[in-house]
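Work through the two exercises below with the model open. Each task is followed by a stepwise solution.

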Amino acid sequence: MFKKALVVLMAASALSFALTGCDKTETKTENAGTEAKSEEAKSGEAKSTEAKEEKKAEAKSDSSEDPLAGASFEGDYKIDVILKTTSSEYWSYVVAGAKAFEKDHPNVKVEVKGASSETAYDEQQNMIETDLNSGSYDGYVIAPLQADLVKTLIAGQTKPIVAVDTNIDAKEVLSFVGTANDTAAKEGGKAAVEEAKKRGWTEIKAISISGVQGDGTATARLKGYQEGINEAGGEFLEKEIQYADAVADKAVTSMEAIMQNHPEGIAIIACNNDDMAIAAARAAKGNEAYKNTIFMGFDGIKSACEAILDGTESMSVAQEAYDMGYKSVAATVAKLNGTELPEFINSGVSVITKDNAQKRLDDLNSYLGK
């Protein structure tokens, strides 16, 4: 009897220990689960916070606010503006913008000059070398004809340098004021394809009459045209690019060659600038196969607006040349007064068609005081 009682007692003790152990295990598991949930919550909160910060960063980078807002433009300074040329309509708007800053800020003197043409490389080189060594200027705005050459010329300069229209890949350049040419041309390419469809083209092929071969701006526009046209369903004929040195008379020669090689017609002729697009369109006038061709230019200058309104040119990718001139001088003066400049200041872009050409024309006339 005693043995039986002892066995029962031992069994009860073992059961009690097992239940206690189970209790501890369950408690440990529950604690682990709670800790896991807590860590998961913390991780979720961290991810949520990180996502919010990313969104803030994206919002900040996408902000269209003026990067020069609040900058100081005080102080007596002399700013040197050296452009690719001053002998074309497009560059006259850049000149007007730069001089408008001087008018708004009489304490700042702005001297503007440029080469006689966009292939007068030695002429611009001499201007840059002379002005950098003169000691007469507090800051520089440069639109390079040959960016790699200018990079060498400005090496070691400590006074503020801002690039306009075409960037210069050099540490001395504090900011680039202009347009992302490839992005702008891409939008133009897409718009041209859509217009070609409206005009009844079923086989939408495009040939570009480009500027100076190897020029950074011309290359960027070619890239943009190609991407935009191909993405929209057209076909950019990369092997048939015509280089016309950014001048109208050579664009006529290029257009004549295109018509000879394509008597059936081409849906889109995408040009490096408006002068070339207008010249190409006039060269094709009277050719039945090209009566519905899209002649697309770049710059959105006054003559382009007039040509679009009268039906000669079809459309233009418009840069805000006036704003380029104004903002590039403003950025240089702001830096002299201690403002840190962003690497890129967007001067804006739009596609000009018959729908908005008159408004654009009115704006351009106002820039030149007409």
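**Exercise 1: a helix pair**

Task: describe how helix H5 (residues 181-198) and helix H6 (residues 216-231) pack.

Solution. Step 1: the axes of H5 and H6 are 6 Å apart, at an angle of about 35°. Axes are lines fitted to C-alpha atoms, for helices over the stretch in contact, and angles run from 0 to 180 degrees between N-to-C directions. Helices (H or I, at least four residues) and strands (E, at least two) are DSSP runs, numbered from the N terminus.

Step 1: H5 and H6 cross in a right-handed sense, the near helix being turned clockwise from the far one by less than a right angle.

The model is predicted: local features need pLDDT of at least 70, side-chain atom pairs count only at pLDDT 80 or more, and totals for chains, interfaces and linings use all residues. Residues are numbered from 1 along each chain as its sequence is written, and side-chain values use heavy atoms, without hydrogens and water.

**Exercise 2: a loop proline**

Solution. Step 1: Pro-67 is in the loop between helix H1 (2-61) and S1.

Step 2: The C-alpha atoms of Pro-67 and Leu-341 are separated by 7.7 Å, although 274 residues apart along the chain.
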